[in-house]
Amino acid sequence: MSEIRLTMPFDKTELAALKVGDGVLLSGTMLVFRDAGHKRLFQSIEAGKPDFEYDGETVYFMGPCPAVKGQVMGSCGPTTSGRMDKYTPYMFDHGLAAQIGKGKRSPDCIEAIKRNKGVYFAAIGGAGALYSGAVTAVEEICYPDLGTEAVRRITVKDFPAIVAIDSRGRCIYNN
Amino acid sequence: MFTIDTAAIAAQVRDAIVETSRNMEPSCLAALEKARDAEDVPAARFALTKMCENARFAAQNGYPVCQDTGMCVVFVEIGKDVALTGKLLQDAIDDAVKDGYADLRKSVLDPVTRVNTGTNAPAVVHTDFVPGDEVKVSVMLKGFGSENMSALYMLNPAQGLETAKDLIVRTVADAASNPCPPVIVGVGLGGTFELCAKMSKQALFRRIGSSNPDPLLDELERELMTRINSLGVGAQGFGGKTTALGVFIRKYPTHISSLPVAVNILCHCSRAKIAVLSKEGVRYE
């Protein structure tokens, strides 16, 4: 498989041209958070002001291992995306460009991705060590008290993934 | 009589955590490489290639294979001619968990308050008394992407083994991509509600490619493997030939009113080690 190289933040036209099943190598910056980070973000949204902005961003569902010698970030493979399904349509409707995780998504998520011409990428679950090698910088953004579940911005180079739901709502999984 | 301090048992747990978190269980890696070479679906082959690269990269650099270094599950089989000294076994093992997980992700928390224990302790410890004068310590770092996809069914006898087989296959099908397939499937048949679940976890310690010593269970394992690998879930749910690397079954007599069936799913990244302590020292199985 020859992979398509893409840079984040994404160019919307490039994103729209991706097809389900395409292999990609992603470079640039993305936001990283998972269950507890989403819960806290949505509490702030309900209270009237989000704790951080995500317009045009890509969110990677992940909670890393601590970094050890020679690493910018510890092992950092994807976690199961389905647990974030309830937050996903709102985020795409409010400017999110793409998500990265593992596993299938709800029909509401697929519809929201299609409606907003977003993309959902599947990273390779379990390949945490390999992904740590793709991270070149890490910055803590919000909720440091959440430990591994804090919100971070990471910079990656050649992060491998597969287009699991494309901007036309086509899905790699047998739903 | 073999007398051993629980600290010596705990030391094996600590070593197993440090080693297996960085090193995928060898029979599992061999099976993944075989699956990669046999795969025709491009996305699935891509995934299998990355999984194998990841395992090698982790081992070479001493990095955790997966960031979910799991909850530590320990089965301790204690020979009847063994005397334990020192701390309570659970406390000794929990000390080993705190130490072994020092550089790893802390994924264990209170189920009600969701406050993290901060150490990855406590471990889940099962003890059994067995014949002999040895202590067998089986350690697994169990990730929860796969644990969450596991299931227990209390069937009635009229539903029988055919329904049990259908449910085992359906559990893997419904889990789809969530448990990071290709998966390893541990099955418990019989016993009571809790024993059935325990057997399904214990079954996951079998080496990939090993046969079940019970010919009936061996045949059942082969049948289930064929059915599961016909599902087309494939590596990471991307389709293809390999949805499971192994199906391992344990059984125990059950009640005339029931047929308990437990399905414990393990991801493609098995991290397990078995140490046997005796007067002669330590050997690994």
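In this predicted model, helix α6 of chain B passes α8(B) in a right-handed crossing. The stretches involved are residues 160–175 for α6(B) and residues 215–229 for α8(B), and their axes come within 10 Å, crossing at roughly 40°.

Who does the touching here? On the α6(B) side, the contact is made by B:Lys165, B:Ile168, B:Val169 and B:Val172, while α8(B) brings B:Leu224, B:Arg227 and B:Ile228. By class, that makes five nonpolar and two charged residues, with no polar ones.

Zooming out, chain B splits into domain 1 (1–23 + 65–143 + 270–285) and domain 2 (144–266). Their centres, taken over C-alpha atoms, are 25 Å apart, and each domain puts 11 residues into the contact. On the domain 1 side, β2 (71–79), β5 (135–142) and β10 (272–278) each supply at least two residues. The largest share, three residues, comes from β5(B).

Then there's the partner chain: the contact takes 34 residues from chain B and 37 residues from chain A. Helix α3 of chain B (residues 42–61) gives the most to chain B's side, with 11 residues.

| Side | Nonpolar | Polar | Charged |
|---|---|---|---|
| Domain 1 of chain B, touching domain 2 of chain B | five residues | four residues | two residues |

Terms used: Residues numbered from 1 in each chain as written. Chains lettered and ligands numbered in written order. Predicted model: local features only at pLDDT ≥ 70, side-chain atom pairs only at ≥ 80, totals over all residues. Domains from an automatic or database assignment. Contact = placed C-beta atoms within 7 Å. Helix = DSSP H or I, 4+ residues; strand = E, 2+ residues; numbered from the N terminus. Nonpolar A, V, L, I, M, F, W, Y, C, P; charged D, E, K, R; others polar. Axes fitted to C-alpha atoms, helices over the stretch in contact; angles between N-to-C directions. Left-handed = near helix turned anticlockwise from the far one by under 90°.
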